[in-house]
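Please look over the sequence and the model, then read the points below.

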Amino acid sequence: MPRTCLTLTALAFTLATSLATSLANATTYSYEPAVVTLQGTLLSSPGETPDGEKLTFPSLRLNKPITVQAPPTAPGAEAEAEKGVVLLHMALNAKNMATFKALKGQQVKVVGTLFHADNGHHQTNVLVSPVSIERVK
């Protein structure tokens, strides 16, 4: 096998192993009512409405991927954990929207609750409803 193919194969293996390790080491969180503390960068991310209109939404890009445990379900229903979550749509009230705008692009600590997307307006599978947003110093 040519040296270039071996190098690409080794690179692909290394990336796959790193991703698997990262996911395996991801911190696990629970949905509301559990209160969580997350760190990441505030962003305006591209999204789309259910009818296809382009938009931007407030988001938190996490410093490290997380796993969110599947919520309890009715007997016979199946729910799976969300693994490798790195981007969260933020459900903001007026006060937190003002803080988001002031700190956009910066590293922050967000304290709040997680909930699962339940309609077409939610841009990520896992959303965060912040109680507080503070800049990381």
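Two residues are in contact here when heavy atoms of theirs lie within 4.5 Å. The model is predicted, so local features need pLDDT of at least 70 and side-chain atom pairs count only at pLDDT 80 or more, while totals for chains, interfaces and linings use all residues. Residues are numbered from 1 along each chain as its sequence is written, and side-chain values use heavy atoms, with hydrogens and water left out.

**Overall layout**

- The chain has two helices and six strands; helices (H or I, at least four residues) and strands (E, at least two) are DSSP runs, numbered from the N terminus.
- Starting at the N terminus, the order of elements is α-β-β-β-β-α-β-β.
- Of the 137 residues, 30% count as buried, where buried means under 20% relative accessible area, exposed over 50%, and partly exposed in between (1.4 Å probe, protein chains only).
- Taking contacts between residues at least 6 apart in sequence, 63% join residues at least 24 apart.

**Strand pairing**

- Strands β2 and β5 run antiparallel and are joined by seven bridges; two strands pair if DSSP finds at least two bridges between them.
- G40 has V108 in β5 as its bridge partner.
- Nine bridges link β5 to β6, also in the antiparallel sense, and L114 stands opposite V128 in β6.
- Seven of the ten residues of β5 are buried, which leaves this strand mostly covered.

**The largest nonpolar core**

- A nonpolar core is a set of buried Ala, Val, Leu, Ile, Met, Phe, Trp, Tyr and Cys residues joined through side-chain atoms within 4.5 Å.
- The largest one holds 20 residues, and those touching the most other members are L38, L42, L60, L88, M90 and L114.
- Two or more residues each come from β2 (35-48), β3 (54-68), β4 (82-90), α2 (94-103), β5 (107-116) and β6 (126-135).
- The biggest share, four residues, is given by β3.
- Beyond its neighbours within four places in sequence, L42 is in contact with residues including L60, M90, F100, L103 and I133.

**Helix α2**

- N96, F100 and L103 are the buried residues of α2.
- These buried residues fall within an arc of 80 degrees seen down the helix axis, so they line one face of α2; the arc is that of the directions from the helix axis to the C-beta atoms.
- That buried side packs against β2, β3, β4, β5 and β6, whereas the face turned away from it carries the exposed residues A94, K95, K101 and A102.
- At the start of α2, a side-chain oxygen of N93 comes to within 3.2 Å of the backbone nitrogen of K95.
- Just after α2, G105 has a positive phi of about 90 degrees.

**H89**

- H89 sits in strand β4.
- Is H89 buried or exposed? H89 counts as buried because its relative accessible area is 10%.
- Leaving aside neighbours within four places in sequence, H89 is in contact with F57, P58, H121, H122, Q123, T124, V126, L127 and V128.

Key. A polar contact is a pair of N or O atoms within 3.5 Å; within protein, one must be able to donate a hydrogen and the other to accept it, and residues adjacent in sequence count only if both atoms are side-chain atoms.
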